[in-house]
Amino acid sequence: MTEPSRCLVHLVPHTHWDREWYRPFQSFRMQLVELVDSVLDMLAADERFAFTLDGQLATVDDYLEIRPDREAELRRFVESGRLAVGPWQILMDEFLVSAETTIRNLQIGHARAEALGGAMPVGYLPDMFGHVAQMPQLLRRAGIDRAMLWRGVPAAVDWHRFAWTAPDGSTVTAEYLNEGYGSAAYLLAIPERLGQKLAVFAAHMRPFFGDDPLLAMYGADHAAPLPELMKLVDAVNAADEEYAIRVDTLAEYLSGQSPEASLPHWCGELRSSARANMLMGVNSARIDLKQAAGRAERLLERYAEPLQAVWGAPDAWPAAYLRLAWRRMVENSAHDSICGCSLDAVVSQVLVRYAEVEQIAAGLAERAAAHVARSVPRGAVAVLNPSFQPRDGLVELSLPIPEGWGAICFETADGKRAPTQELERNEQLIYTRDLPGREIPELLDRRLHGPELFGRHLRGYTIGEVQGVRMVTLEVDVEPEHGWLDLDAMRHAIQTAVSGAPDAAWRLRVMALPRRRVLMQLLLPALGYRAVRPVNAECAVADPVRVEGRRLRNDHLEVRLGEDGAFDLASVDGISLLGIGRLVDGGDAGDSYNYGPPPTDALVEVPSSVTSRVLLAGPLRGALEVTRTFHWPVGLSADGTARSDARVEVPVRTVLELRSGEPFTRVQLSFENRSDYHRLRFHIPLPVRADTSFAEGQLAVVERRGTPDAGHGEVPLPTYPARTFVSAGNVAVLAEHTIEYELLEERELAITILRATGLISRNANPYREDPAGPEIAIPGGQCRGPWTYAFGIRPHAGDWASAELLRDADRYAHPFLAAPGTADAAAALPDGGLGLSVDGRGVTVSALRRIEEELELRLACEDPDSQMAVIRGRFSAAREVDLLGREVGVMPVASGEVRLPMGAWDIRTLRLK
């Protein structure tokens with residue numbers, strides 16, 4: 001007789017490391033150092049032991065910064081395959097950061113892991129709050145064909161392995177962690193009962209594994225393995241007749257799997273609550289974090305890198321600055337960081353990192369523009385387009401204009417004129433003081449700091465008598481004069497003048513040169529620029545904005561403001577929206593992970609008063625301001641079951657703006673939040689009923705219908721994220737950052753403007769049965785203080801693709817950039833020029849940067865149909881690479897043009913030389 005084979009259990013020792021969460025980073029790092037110390041000691045003590053270091057290199061880097069002396073030892077274990085690291089730099093949230101951030105995360109982590117001895121070839125995604133549709137394609141384009149994940153998997157998947165497909169057809173084999181990344185976390189908690197616990201574990205896992213060997217994930221949040229682990233394993237293997245334990249890394253476990261002919265299949269994003277909490281409330285927790293992320297992403301991805309790549313100094317690519325900026329972006333993409341479900345101290349650190357990125361990216365963009373402006377004469381301006389298609393748009397300029405000029409417009413090198421709208425003229429008198437003449441030199445010695453006076457640059461001076469008053473007038477401006485003013489000569493002239501009448505009354509004046517703040521409308525080439533200079537002339541606006549009482553109109557839209565503060569919107573193609581802008585404020589007895597209304601809620605949606613006024617009257621930009629005053633409850637009742645009786649008055653200011661040539665309305669809300677535990681939403685009625693929304697994000701437009709799966713004790717709210725737009729029923733909302741929306745009863749879109757909560761996790765959340773973390777107070781999560789939120793509303797006929805909403809979203813979020821000319825004032829205006837253009841419906845640019853002698857261009861075909869991408873620029877050779885920079889093939893180039901056939905939802909990366 002043959003002995004029956006024992007059930008093989010693959011025990012994977014690991015830890016799940018939240019870098020910062022309910023404790024700050026440095027506090028957790030102390031624990032990390034102790035953990036990795038013990039793991040390295042265990043690896044050295046027993047060559048059979050293996051460990052998986054959570055798939056993120058941040059754990060390694062954070063450790064080695066404190067323990068650099070153990071790098072060689074750690075590297076040896078990685079090279080042997082016993083310590084699995086990578087492929088990510090950090091375990092990110094997939095929905096709340098851009099696709100490019102996730103790509104750079106993978107690139108940084110994979111490169112670091114390879115340098116240490118090899119990256120784990122697994123898309124390890126153990127605790128993300130759902131998974132984006134394009135993740136299988138991102139993994140495959142990095143040469144990874146296996147994934148491992150937990151949250152978001154729908155009830156339709158009933159096996160421990162399934163085929164997961166991206167919209168383009170890319171497929172990975174996904175190992176489903178049906179009991180999470182801690183399925184065997186407590187298997188060894190009572191060592192003497194390990195045999196019995198194995199039987200219970202096997203019975204629990206068998207429905208998903210059948211006769212397959214079992215995967216036992218031995219680890220949990222910030223957990224270290226037992227030092228006696230291998231002895232316990234040996235004891236079981238020697239004594240247990242039913243089970244055999246093998247200690248593996250995740251890579252070893254997956255490499256031993258045999259192919260299966262038929263697997264459950266899923267295409268697209270994973271956002272189900274069937275067997276694990278989705279924690280969808282993180283989309284609206286600490287919206288200030290999402291706004292900061294959006295600003296940093298836009299500046300880095302669409303201004304700093306592309307403009308430096310095309311227009312920066314050829315021999316001065318700012319690699320170190322960009323490396324630092326991307327490191328900060330990736331650090332912040334950690335799910336407990338960007339999600340806003342952490343301590344206030346953690347949120348403060350995340351905001352500082354985003355501020356660093358903004359500072360670096362804005363500085364690099366400004367320097368690229370300044371490099372262009374070196375060929376533009378003083379008195380003129382270089383205006384740059386961050387879009388990869390030619391477009392017109394508005395740019396705001398502040399320029400010195402001679403006092404005698406009337407109307408102005410701007411002229412390009414070819415004689416074409418650009419219209420303007422004057423916004424403001426500066427106040428010229430900055431400072432005046434009457435004093436004895438002998439005191440003026442001493443006063444100037446105290447006030448002048450080189451050529452700087454009152455924060456401005458000294459540009460000139462006059463001395464004389466004006467209407468019988470002895471006068472010294474100093475002229476200043478916000479921009480320095482070309483060359484230095486001779487300060488010694490100025491002081492000598494003033495000293496000489498006042499010494500003739502030292503005791504007489506003199507007047508010292510500081511006058512600003514006359515300036516005007518104006519809007520200009522200009523057509524610019526793709527990622528290109530034009531130079532313009534002001535001329536004293538009038539210029540008609542082709543599509544003027546007209547303001548008539550409570551109405552705004554251009555050739556695309558009409559906005560009509562109602563007495564109640566809501567507004568109607570009508571487009572030229574017959575789309576009409578009525579009653580936009582109902583603000584609904586309700587209680588929130590949930591936490592940072594899940595919204596949950598109190599049992600007795602009180603919705604506030606009717607203002608106590610409404611006022612309005614015209615802010616701008618066109619012709620390039622028109623704006624109406626409406627202020628609605630509400631009385632919101634200050635918080636919840638003492639037992640948390642209702643909203644408080646005490647209320648606070650809150651004026652909410654809404655600015656509706658229409659610009660020449662734009663087919664959408666810009667909306668900005670601002671108020672001071674003085675209430676706790678509440679949610680405020682802006683409602684947009686649909687022109688036609690719709691049961692489906694289409695939301696762009698992470699290089700795909702995702703179709704969403706109905707409510708997600710339920711089953712794990714979490715109310716599966718259909719509140720979803722969108723990155724650049726969401727469309728439903730012939731209306732789209734255009735976004736500057738990730739927004740949370742809900743399609744309500746097929747009749748309206750609700751956009752979350754603010755969600756205020758004071759707990760990381762609430763033990764008794766009305767919409768979730770089990771805690772998502774510790775019940776720790778986070779007063780900053782109440783978001784008290786000034787609050788601003790902006791978006792666009794775009795009515796459209798047809799579907800989102802035919803309406804080309806991607807272009808409108810690009811135009812909404814990416815204004816032109818301007819820099820004053822610094823060349824000789826007598827020089828001719830340069831013609832300007834094309835930077836790099838990308839044509840093709842739905843073809844978007846994820847990245848453009850310089851890598852050594854080449855430009856790297858990453859494209860996505862965000863369209864349900866195949867498209868031809870046409871790339872034009874100053875290059876003569878092109879090749880395609882994968883996401884890790886490995887060559888795929890050579891592309892033909894004809895006269896600086898590449899034609900790239902792209903399948904629907906395709907992501908491609910080119911190198912151009």
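Student: What makes strand S45 (residues 854–861) and strand S50 count as a pair, and in which sense do they run?

Tutor: In this predicted model, S45 and S50 are joined by six bridges in the antiparallel sense.

Student: Why is S50 described as largely enclosed by the rest of the structure?

Tutor: A residue is called buried when its relative accessible area is under 20%. Six of the six residues of S50, which spans residues 907–912, are buried, so the strand is largely enclosed by the rest of the structure. The side chains of a regular strand alternate between the two faces of the sheet. In S50, Ile907, Thr909 and Arg911 point one way, Arg908, Leu910 and Leu912 point the other way, and all are buried.

Student: What makes threonine 654 a buried residue, and what does threonine 654 touch?

Tutor: Threonine 654 lies in strand S31 (residues 647–659). Its relative accessibility is 1%, and buried means under 20%, so threonine 654 counts as buried. Leaving aside residues up to four places away in sequence, threonine 654 touches Leu624, Glu625, Val626, Arg628, Val667, Gln668 and Leu669.

Student: Why is H4 called roughly perpendicular to H10?

Tutor: Two packed helices are described by the angle between their axes and the distance between the axes. The axes of helix H4 (residues 99–116) and helix H10 (residues 319–332) come within 9 Å and cross at roughly 105°. Angles of 65 to 115 degrees count as roughly perpendicular, and therefore H4 is roughly perpendicular to H10. H4 contributes Glu100, Thr101, Arg104, Asn105 and Ile108 to the contact, and H10 contributes Trp326, Arg327, Met329 and Val330. These contact residues divide into four nonpolar, two polar and three charged.

Student: What makes H13 and H14 roughly antiparallel or roughly parallel?

Tutor: The axes of helix H13 (residues 439–447) and helix H14 (residues 487–499) come within 9 Å and cross at roughly 155°. Angles over 145 degrees count as roughly antiparallel, so H13 is roughly antiparallel to H14. In this contact, Ile440, Pro441, Leu444 and Asp445 of H13 meet Arg491, Ile494, Gln495 and Val498 of H14. The residues divide into five nonpolar, one polar and two charged.

Student: How do you know whether cysteine 341 and cysteine 339 are bonded or too far apart for a bond?

Tutor: A disulfide is a covalent bond between the sulfur atoms of two cysteines. The cut-off for such a pair is within 2.5 Å, whereas the sulfur of cysteine 341 is 4.9 Å from that of cysteine 339, its closest cysteine sulfur, which means that the two are too far apart for a bond. A search of the whole structure likewise finds zero disulfides. Cysteine 341 has 0% relative accessibility, and so it counts as buried.

Student: What makes S4 and S10 edge strands of their sheet?

Tutor: The sheet is an open one of five strands in the order S4-S5-S7-S6-S10, with mixed pairing. Strand S4 (123–125) and strand S10 (265–267) each pair on one side only, and these are the edge strands. S4 runs parallel to strand S5 (residues 146–149), to which three bridges join it, and leucine 125 has leucine 149 in S5 as its bridge partner.

Technical notes: Residues numbered from 1 in each chain as written. Predicted model: local features only at pLDDT ≥ 70, side-chain atom pairs only at ≥ 80, totals over all residues. Heavy atoms only, no water. Axes fitted to C-alpha atoms, helices over the stretch in contact; angles between N-to-C directions. Helix = DSSP H or I, 4+ residues; strand = E, 2+ residues; numbered from the N terminus. Parallel < 35°, antiparallel > 145°, perpendicular 65-115°, else oblique. Contact = heavy atoms within 4.5 Å. Nonpolar A, V, L, I, M, F, W, Y, C, P; charged D, E, K, R; others polar. Buried < 20%, exposed > 50% of the residue type's maximum accessible area, 1.4 Å probe, protein only. Pairing = 2+ DSSP bridges.
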